[in-house]
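Please look over the sequence and the 3D structure below before reading on.

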Amino acid sequence: FTNGMAAFQIVTKLGKAMISAFNDVGISSAILHSQGRGPFKAYSDILSQISRRAGQSEASRGFELQVLRELGVGFDGVISGSLSRWVDMSSVGGRLSRMANQFLDLNGLNQWTDFWREGFARASSVHFGNQLKKSWKDLDQNFRNRMDEYGITQSDWKDLQGIGSFSLKKRFGDDPEFKSAIKDLTDDEFVTPDWITENGGSDVLKQKL
């Protein structure tokens, strides 16, 4: 009954959902701005990531997906996919649930949401990687505020600088399939929680990031 009602709300209120989805543009940029990126730079960072993603080959996309998974992008989709296994798809509620998801696929709302999540996650990770070039006292005040909120101290910052960031070439360059992907990959430097522990960082620092 709950699944059926949720699906019914999605389909019947879809117009409002699509209108509210345009807020993704402003919200993503505002959050990146709160991390110390200038307001106009925040917009351009995310838009450039989305633009590049639109023309990307499947080969390079495969390597970037590994980074995006580490950044937690798409986790909501995994949760909903797991929950739907507990719904009787032959029931009215199950059929409505399946129809709602297909509806969001057909009108592009799922793709729109994924694009903006990916664009923000990439831009945020690259921005963090760029900050590692600065000393603790030279960090932008907004960025320092975010570090304080998540308990990242000056000592943690030194550890993060020692670990550094990674480009896709540095991370996956030894993979034989990487040669077919390299032509449309950038030199962007990322930081992900998994990268921290892979290079000797603590689980505590991974959780903070």
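In this model, helix α3 passes helix α8 in a right-handed crossing, where right-handed means that the near helix is turned clockwise from the far one by less than a right angle, and left-handed that it is turned anticlockwise. The model is predicted, so local features need a pLDDT of at least 70 and side-chain atom pairs count only at pLDDT 80 or more, while totals for chains, interfaces and linings use all residues. Residues are numbered from 1 along each chain as its sequence is written, and side-chain values use heavy atoms, with hydrogens and water left out.

**The chain as a whole**

- The protein chain has 13 helices and zero strands; helices (H or I, at least four residues) and strands (E, at least two) are DSSP runs, numbered from the N terminus.
- Of the 209 residues in the protein chain, 35% are buried, where buried means under 20% relative accessible area, exposed means over 50%, and partly exposed lies in between, with a 1.4 Å probe and protein chains only.
- Among contacts (heavy atoms within 4.5 Å) in the protein chain between residues at least 6 apart in sequence, 70% join residues at least 24 apart.

**Helix α3 against helix α8**

- Helix α3 covers residues 23-34 and helix α8 covers residues 109-131, and the two pack at an angle of about 15 degrees with their axes 10 Å apart; the axes are lines fitted to C-alpha atoms, for helices over the stretch in contact, and angles run from 0 to 180 degrees between N-to-C directions.
- The helices α3 and α8 are therefore roughly parallel to each other, since angles under 35 degrees count as roughly parallel, over 145 as roughly antiparallel, 65 to 115 as roughly perpendicular and the rest as oblique.
- On the α3 side the residues D24, V25, S28, I31 and L32 take part, and they meet W112, T113, W116, F120, A123, S124 and H127 in α8.
- Sorted by class, the contact of α3 with α8 has seven nonpolar, four polar and one charged residues; here Ala, Val, Leu, Ile, Met, Phe, Trp, Tyr, Cys and Pro count as nonpolar, Asp, Glu, Lys and Arg as charged, and the others, Gly among them, as polar.

**Helix α4 against helix α8**

- Helix α4 (residues 39-54) and α8 have axes that come within 8 Å and cross at roughly 120 degrees, and the two helices are therefore oblique to each other.
- In this pair, too, there is a right-handed crossing, with α4 passing α8.
- From α4, the contact is made by D45, I46, L47, Q49, I50, R52, R53 and A54, and from α8 by F115, W116, E118, G119, F120, R122, A123 and V126.
- By class, the contact of α4 with α8 has nine nonpolar, two polar and five charged residues.

**Salt bridges**

- The count comes to eight salt bridges, a salt bridge being a side-chain nitrogen of Lys or Arg within 4 Å of a carboxyl oxygen of Asp or Glu.
- One of them joins D45 to R37, with the closest N and O atoms 2.5 Å apart; D45 is buried, with a relative accessible area of 17%, whereas R37 counts as partly exposed at 25% relative accessibility.
- The side chains of E70 and R171 also meet in a salt bridge, at 2.7 Å from N to O, and because E70 lies in helix α5 (residues 58-70) and R171 in helix α11 (residues 168-172), the pair ties together parts that are 101 residues apart in sequence.
- Both E70 and R171 are buried.
- D138 forms a salt bridge with K137, the closest N and O atoms being 3.6 Å apart; D138 is partly exposed, with a relative accessible area of 46%, and K137 counts as exposed at 67% relative accessibility.
- E64, R122 and D188 are linked in a network of salt bridges.

**Two further residues**

- K206, in helix α13 (residues 203-208), counts as partly exposed at 24% relative accessibility.
- Not counting residues up to four places away in sequence, K206 touches P193, D194, I196 and T197.
- E177 lies in the loop between α11 and α12 (193-198) and is exposed, with a relative accessible area of 57%.
- The C-alpha atoms of E177 and S60 are separated by 9.5 Å, although these residues are 117 residues apart along the chain.
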